[in-house]
Amino acid sequence: MYSNFKQCNESLSDCQPIDFFLAKKLQSSLIFSTDSNLSSGEAAIAFHLFMALSSALNDGHTCLLLSTVAEQRLWDQDVVIDGKTHTRVGFEFPPLAIFVSILNKLPITVNDGNPLTFEHNRLYLSRYWAFETEVAQALLPRLQEHSVIDLESARDVLSRLFPKAKPSESSAKRLDMQKVAVANSLNKNFAVIAGGPGTGKTTTVTKLLLALLMIHQRSNSHQQLNEQSLSNQSMNKPPLSDRALNIKMAAPTGKAAQRLMESITGSLKRVAQECHLSDEIIDAIPNEASTIHRLLGVKRHEHNFKHDAENPLDLDVLLVDEISMVDLPLMARLLRAMPVHGRLIVLGDADQLPSVAAGSVLADIAPRELLGYSPPNIAMLNKLTGYAFEPSGIGLDHLSLLTFSYRFDGSGGIGLLAKAVIAGDVDETKAVLASNNHQLTYHEHSSLIEWLSPQVKQHYSQVFSVKNISEAFTAFDNFRVLCANRKGERGTENINQLTENLLRKFGTIKTRDNLYHGKPIMITTNEYSLGLYNGDIGLIWQVNNKLLAIFPDGKDENNEVVYRYISPARLPTFETVYAMTIHKTQGSEFANVALVLPEEDNPILSRELFYTGITRSKTHINLLADKTIVAKTTEKRIIRHSALKLRLFE
């Protein structure tokens, strides 16, 4: 065994200090301080298992699936230090049966109350076992218990919100899956609406909220009439006052919440005009969305929130967008704060990157391989929509999947590339890149500066030439450089510096100062007193000969963006943001995207990362990547181990 991390690092390649010290702590509490009767060899196996568990958690798994390390040699890659190759022998794990025998000697069952839990050949840190169990136990009754709705009233509402398709529209559009998704979600206490970019998730959920409001309004009206009749109230008296549904909306980040609100507002305006809706119904849709953390009520220096099971949220319907970004612990805390009667509706794209922290909640609760509806749900859908669906699958009644993209018509390079990449089809991916499609520009052998320079001049120079802050944000949000990682020549840190150098070379930035008029910044820590949060993006702007940091802050009653002006001296930590990591852009969209992949293979690369970067663009993507890296990235799929799907559906 290792007496310190240095000794461990001399035997194991790429072992991390956090993994070593967590394993040491677990070893002390579970092996040395208990009557475990482990031999020295068994104790060594257990120690390395603990390290592997810590590494798995850092990779986003909620547990260590023992079969993935059984009979495997880990940490054995040679490393080069000061030009010399040093051998790392690594550690070879035994067969699965020996793992089970060793772990069964430790007090780590679900009832032992120790920091580890061993269950069904999965090893957990107990808090993650608890989060996973809590999410499953909170969702199961919501999946099984449905609200009662008046089918006739619901059918009338759907007919109003979804006029019949025009004869010229394609068959894919005539079978209106948005209508099906709304119909399917009307009686669910938990509903998932999933789909890729441009499939109309926001339009669908806007109509869903409107449908819930309209059905609720009709139900209240009928109830009032019945109550008046039963109590023999005078017809001259006003009816009992309606109580509108209390709807709230949230997203994981401030940018995602802002985009959700903008999208809902735009969809609401279109639907209101098309369907001639009353002001009363329109006004019942919220005019703001918050981050999940702000919704739950942040407690400084604490993991828990103000709203929990003892103090649930005051709402009837909660809509959460970009659910793929929500990790397992946050999902547990969100469900903990939901009132029993409250409906939870979540939106997301299961093909996008999962959360940065542990868990793959959307993929677990929306497993497409099990997609299908139960006979009772099919009967309801057929009555509401007039379609003729057949029962199939195991009955994932809570899930509505949108697949028809209104943004990408099937011939554009963005849609074709995204489809090929997420399918893991390397040959098709290469074919799309070679097609010179109007939505796609591909560079394989250009140098970074040759690729970057014309794009910076074309797009970012515009930010500095406009007259007011509104035009500056519009110009800035039109384009972004996306990177897979922060470090290295093709990482965000270097590209942000190169961009500033280019803008100075072009004469756009006229000072050597770190802060200058037009500089884009991203907040990297939460500052609750200022209402600024990690990921918020602003611009440094000169106002009356003084530089201020300006951030969008919602919209006023005229739907005009409101801005906040803050002295740079008061800002929490921030960084330049001409270039962003793909992870940071989840929940954002840009008209034009410049996407660059590393020159060498990197553990962070995956088809989900590539797909997420591609689909941030609405009109054009300019890609710099070696074809070998493209192939390796497309082949590599993110698989996160958890038992949440098993707890819910098997």
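Is Cys-483 buried or exposed at its relative accessibility of 0%? Cys-483 counts as buried, a word used for residues under 20% relative accessible area, with exposed meaning over 50% and partly exposed in between (1.4 Å probe, protein chains only). The views below come from a predicted model, in which local features need pLDDT of at least 70 and side-chain atom pairs count only at pLDDT 80 or more, while totals for chains, interfaces and linings use all residues. Residues are numbered from 1 along each chain as its sequence is written, and side-chain values use heavy atoms, with hydrogens and water left out.

View 1. The structure holds zero disulfides, where a disulfide is counted as a pair of cysteine sulfur atoms within 2.5 Å.

**View 2. An open sheet of three strands in the order β1-β7-β6, with antiparallel pairing.** Strands (E, at least two residues) and helices (H or I, at least four) are DSSP runs numbered from the N terminus, and two strands pair if DSSP finds at least two bridges between them. β1 (64-65) and β6 (116-119) stand at the edges with a single partner strand each, so one side of each lacks a neighbour in the sheet. β6 pairs with β7 (residues 122-125) over four bridges in the antiparallel sense, and Leu-116 stands opposite Leu-125 in β7. Helix α3 (residues 40-58) packs on the sheet and touches β1, β6 and β7, its direction making about 70 degrees with that of β7; contact here means heavy atoms within 4.5 Å, and angles run from 0 to 180 degrees between the N-to-C directions of axes, which are lines fitted to C-alpha atoms, for helices over the stretch in contact.

**View 3. An open sheet of six strands with parallel pairing, ordered β10-β9-β11-β12-β8-β13.** At the edges stand β10 (290-291) and β13 (399-402), each with a single partner strand, so one side of each has no neighbour in the sheet. β9 (residues 247-251) and β10 pair in the parallel sense over two bridges, and Ala-250 stands opposite Ser-290 in β10. Helix α8 (residues 177-185) lies across β8 (190-195), β12 (343-348) and β13, running at about 170 degrees to β13.
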